[in-house]
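Hello,

Here is the structure for you to look through. My notes follow below it.

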Amino acid sequence: VIHPARVPAGFAALGGELAIGGRAASAWAAELDTPCFLYDRALIERRIAELRAALPPEVRLHYAVKANPLPELVAWIAPRVDGLDVASGGELAMALAAGGEAGHISFAGPGKRDAELAAAIAAGATLNIESSGEFERALAITVAQGRMLRAALRINPDFELKGSGMRMGGGAKPFGVDADQVPALLERFAHPAVKFRGFQIFAGSQNLSAASLIEAQRQTIALAARMSGHAPTPPPVLNLGGGFGIPYFPTDTALDLAAVGRALAESWAARPPALAATEPVIELGRYLVGEAGVYLTRVIDRKDSAGELFLVTDGGLHHQLAASGNFGTVVRRNYPLANASRFTDPAAETATVVGCLCTPLDRLGERVALPHTQPGDLIAVFMAGAYGRSASPTAFLGHPLPAERLT
Ligand SMILES: *Cc1c(COP(=O)(O)O)cnc(C)c1O
C-alpha cells in the first residue's frame, strides 16, 4: 500500500515550497536550523474563532497547557481564551508567568505534591481535586497558610466517552473521584476554609465523533446536576472536559464542530435547575494547537534496502514521538507529511521516511508517495502543534533540542 503525501487545511505553497506563517520552509530552516517546530498563530487564531462561533456564547474556552507548553505560545494564547488548565507545578508557574489570571487557572492531575498544592493555593488558582486524600492534604496546607481553598471536584464519570483515542473516565481510573464516592467527599467541602468552585468531568481525549461527544456532554450535565444536591452551594463552574479530536490519519474525518455546538446549546438551555447559575467550561489542548504545527526536518541520506527506498532525516521520535506511532497507538499509521522543498512537484517515488536514531521504531512515514527527493530537501511532518517536543524523549541519543517558533 502506498500512502499519498497529505497536507492539512491552511497550508499553502510559496515559490514551489511549503510556506509556514507566510514564509518559505527554506527560510525557516536557514534561520532556526533543522529539525525545528513551527506553530502558525494565524491557524490557532482561526481555530479559536471557529470555536467561539460554534459553541454557545456562555461557554468559557480553556487552553490545556500540556498540549503545547512553549512559553511564547502560552503567553500569546492566554488573553485569547478564558482560562488555562495546568497539570503540574511547572505548568502552573508557566501559566502565571505568561500572565494567566490565577482566578482563571485550574490545576488538575493525580499525584500533586504538597509543594505544588501549596503554590496553587498561595496563587489563588483552583485545584481540581482528584481524591479525598488530596482534598485533606490541600485543606491542611490551606489552613496552615491562613488562606481559602478554591476547589473543584473532578468526578470520574459513571459513563464512558465512546471512540476516544485515550479514555480518562469511566471504570477504574486514577483520575477523579468515582461518582459513588462524591457525595461523602462533598460534605467536607462545607469546611469554612473551602470555596467550592464546581465540578470537572473529563471523559477522554482525541475524539472525532460528534455523536459520542454530544452524548458525553449530556451525561456530564445530568451527572453534575445529580451531584449538585450534595454540594454546599450550587456549582459556580462545570468543566465539561473537551476531548475534541483532530484528523491525524487518512481514514479520519474531521469533527463536526457545528453539530457539537448546536447540541450543547440545546442541552445547556435544557439543563436542570441545579445548574441554573453555573458557568460551562470546555477545556481543549490539541484541538486548539495541534493542526497549526509543523515539524521540519532535513533529508540526510537516501538509500535503498531490499528494494525499499529510505529517506533518512535529521529528525525522529526523540522530538516527535507521536508521529513515529509510539505514543498511545496500537497500529502505526502515517501522520501527514510532505516534501517541503518540492511542495508543488507531483509524486514520483515511494519512500519510507525515517529518523536518525538507531532504533527500528524511528519512522516518520511508511511507504509515502513523494516527489523525487534528494539529500538536503526539507520534509514537513504536519499535526505537530500538540504533544510534540514536550511529549517526546528528547534526551534519547543526546541530540540537541530542536528550536521552536510561534510564527
Ligand atoms: C490532557 C488533558 C486535556 C487536553 O486534552 P486534549 O486531547 O489535548 O484536548 C484536557 N483536560 C485534562 C484534564 C487533561 O488531562
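**The ligand and its surroundings**

Start with K66: an N or O atom in its side chain is 2.7 Å from an oxygen atom of the ligand. Two other residues make such approaches. In S205, a polar side-chain atom lies 2.4 Å from a ligand oxygen atom. In G285, a polar backbone atom is 2.9 Å from an oxygen atom of the ligand. The protein buries 93% of the 390 Å² that the ligand exposes when taken alone. Such areas come from the Shrake-Rupley method with a 1.4 Å probe; for residues, only the protein chains shown count as cover.

This is a predicted model: local features need pLDDT of at least 70, side-chain atom pairs count only at pLDDT 80 or more, and totals for chains, interfaces and linings use all residues. Residues are numbered from 1 along each chain as its sequence is written, and side-chain values use heavy atoms, with hydrogens and water left out.

**A loop residue**

E291 sits in the loop between α10 (286–289) and β17 (293–305). Helices (H or I, at least four residues) and strands (E, at least two) are DSSP runs, numbered from the N terminus. The side chain of E291 makes a polar contact with the side chain of R47, at 3.0 Å. A polar contact is a pair of N or O atoms within 3.5 Å; within protein, one must be able to donate a hydrogen and the other to accept it, and residues adjacent in sequence count only if both atoms are side-chain atoms. Leaving out residues up to four places away in sequence, E291 touches residues including F11, L43, I246 and M383. Touching means heavy atoms within 4.5 Å.

Three strands form an open sheet in the order β2-β3-β4, with antiparallel pairing. Its edge strands are β2 (12–14) and β4 (23–24), each pairing on one side only. Strands pair if DSSP finds at least two bridges between them. Two bridges join β3 (residues 17–20) to β4. I20 has R23 in β4 as its bridge partner.

Best wishes
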